[in-house]
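Please inspect the sequence and the coordinates before turning to the points below.

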Amino acid sequence: MAKTRTQVAIIGAGPSGLLLGQLLHKAGIDAVILERQTGDYVLGRIRAGILEQVCIDLMDEAGVGERMHREGLVHGGIELLFGGQRHRIDMNKLTGGKNVMVYGQTELTRDLMDARAAAGLPTVYEAHDVAVHDFGSTKPRVTYEKGGVQHEIECDFIAGCDGFHGVCRASVPRNALTEYEKVYPFGWLGLLSDTPPVCDELIYVNSPRGFALCSQRSRTRSRYYLQVPLTDKVEEWTDAAFWQELRLRLDDEGRDKLVTGPSIEKSIAPLRSFITEPMRFGRMFLAGDAGHIVPPTGAKGLNLAATDVKVLSSALIEHYQEKSDAGIDSYSERCLRRIWKAERFSWWFTTLMHRFPDDGAIVAKFQQAELDYLIHSEAGGRTIAENYVGLPLDFAEK
Ligand SMILES: Cc1cc2nc3c(=O)[nH]c(=O)nc-3n(C[C@H](O)[C@H](O)[C@H](O)COP(=O)(O)OP(=O)(O)OC[C@H]3O[C@@H](n4cnc5c(N)ncnc54)[C@H](O)[C@@H]3O)c2cc1C
């Protein structure tokens, strides 16, 4: 058994783990990241693409925001398409100047990986059988296997940044946590293509044929989604069938402007709302998807992960630099107050925009009425805008 020591053992090299590692490094705190996949595999996962201000600020704080500011696209509004008509929500105006930024999760991950490699910081890829031990004590440990050798890391804290299917949450005794879950009866079929986006901003579509989203990763790369039944298989969807269905859910302007091309990636993602309470177990913390999942309708997943990391890194820095555990003690409660609000918004926006199998014609009419109200009421528009750009970190304390 090869034994080493670090201050913080981070499990998972997704956005949460990498961002946490970078912020701790800036503060002079040692951390090792253990990741079960290869770096290329992590970079190949096509996921989120909309950053809230909190996430942008954190990339800057971590010293890795330069390319993001150069290549990211600032968006001050979104379009809602329903009843065949498009309506713009002017988020910038309704929130007193706040925006979001289009910058792919893969790009953000690449920037963080490059910075970590340039600083010579330890990341163990292809770490197998990662197990967390003794996090209820003052001497937690992490064990793993790499290249046929067993390793043990002694540490002060464990950061569970290992996503929904990770080992950290699964290692907590069942009676020490409560899980809340809602699984939606449909999925999102996503298609990525090197074609210019159909619109400068994102279009969220409520159509009789189901939800669609016209998103983007850059001025030359588009990401489109279709609501599909959970029984659909991605192999059954040809590119031509995808484009045809998207056209049917768009308005005339969208159909005219849509540029189609071969897919670079196509996948079906299930939709789920999921929250774990609490997010701290002795000296182990959950952050990001390890603790909560949102349906992607509100573009909140990556941004919630970033907020957790902001709160956790501040708490750990306070522990080491100021010898205070106040931040550690309030970590779970502080994160969860904001997480529940983002979970609520994501669930509400999903419910408003999708066709549910058991809903009759009356629910479609309710949706139209609510959307019509929202776009004609300044209060309604502001409700969407301030949630979409992201609530302030301590919203409830304002
Ligand atoms: C298919 C899909 C599409 C998405 N689309 C969007 C979107 O459009 N918009 C949006 O806002 N959000 C989206 N999300 C959510 C967003 O991508 C996540 O919220 C974000 O990745 C969370 O980052 P994370 O670092 O917490 O978790 P992850 O990115 O899941 O990273 C966790 C890491 O831990 C590693 N790991 C897991 N188990 C272990 C183990 N036992 N040992 C070591 N390492 C382990 C994993 O390999 C992974 O690299 C999507 C998610 C998925 C799955």
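The points that follow cover the ligand site and then one arginine.

The model is predicted. The ligand is surrounded by 29 residues, and the protein buries 86% of the 1000 Å² that the ligand exposes when taken alone. Separately, arginine 86 belongs to strand S7 and has a side-chain polar contact with aspartate 251.

**Polar atoms at the ligand**
- The side chain of aspartate 289 places an N or O atom 2.7 Å from an oxygen atom of the ligand.
- For arginine 47, a side-chain N or O atom is 3.0 Å from a ligand oxygen atom.
- Leucine 302 takes part through its backbone, with an N or O atom lying 3.4 Å from an oxygen atom of the ligand.

**Burial and composition of the shell**
- Of the 1000 Å² exposed by the ligand taken alone, 86% is buried by the protein.
- Two elements each give two or more residues to the shell, namely helix H1 (15-26) and helix H10 (301-322).
- The closest residues to the ligand are Ser16, Glu35, Arg45, Gln105 and Asp289.
- Sorted by class, the shell comprises 13 nonpolar, nine polar and seven charged residues.

**Surroundings of arginine 86**
- Strand S7, which holds arginine 86, spans residues 85-90.
- The side chains of arginine 86 and aspartate 251 are joined by a polar contact of 2.9 Å.
- Leaving aside neighbours within four places in sequence, arginine 86 contacts Glu79, Leu80, Leu81, Cys199, Ile203, Asp251, Glu253 and Gly254.

Definitions and conventions
Residues numbered from 1 in each chain as written. Predicted model: local features only at pLDDT ≥ 70, side-chain atom pairs only at ≥ 80, totals over all residues. Heavy atoms only, no water. Helix = DSSP H or I, 4+ residues; strand = E, 2+ residues; numbered from the N terminus. Polar contact = N/O pair within 3.5 Å; in protein donor to acceptor, adjacent residues only side chain to side chain. Contact = heavy atoms within 4.5 Å. Near = heavy atom within 4 Å. Areas by Shrake-Rupley, 256 points an atom, 1.4 Å probe, with all protein chains shown as cover. Nonpolar A, V, L, I, M, F, W, Y, C, P; charged D, E, K, R; others polar.
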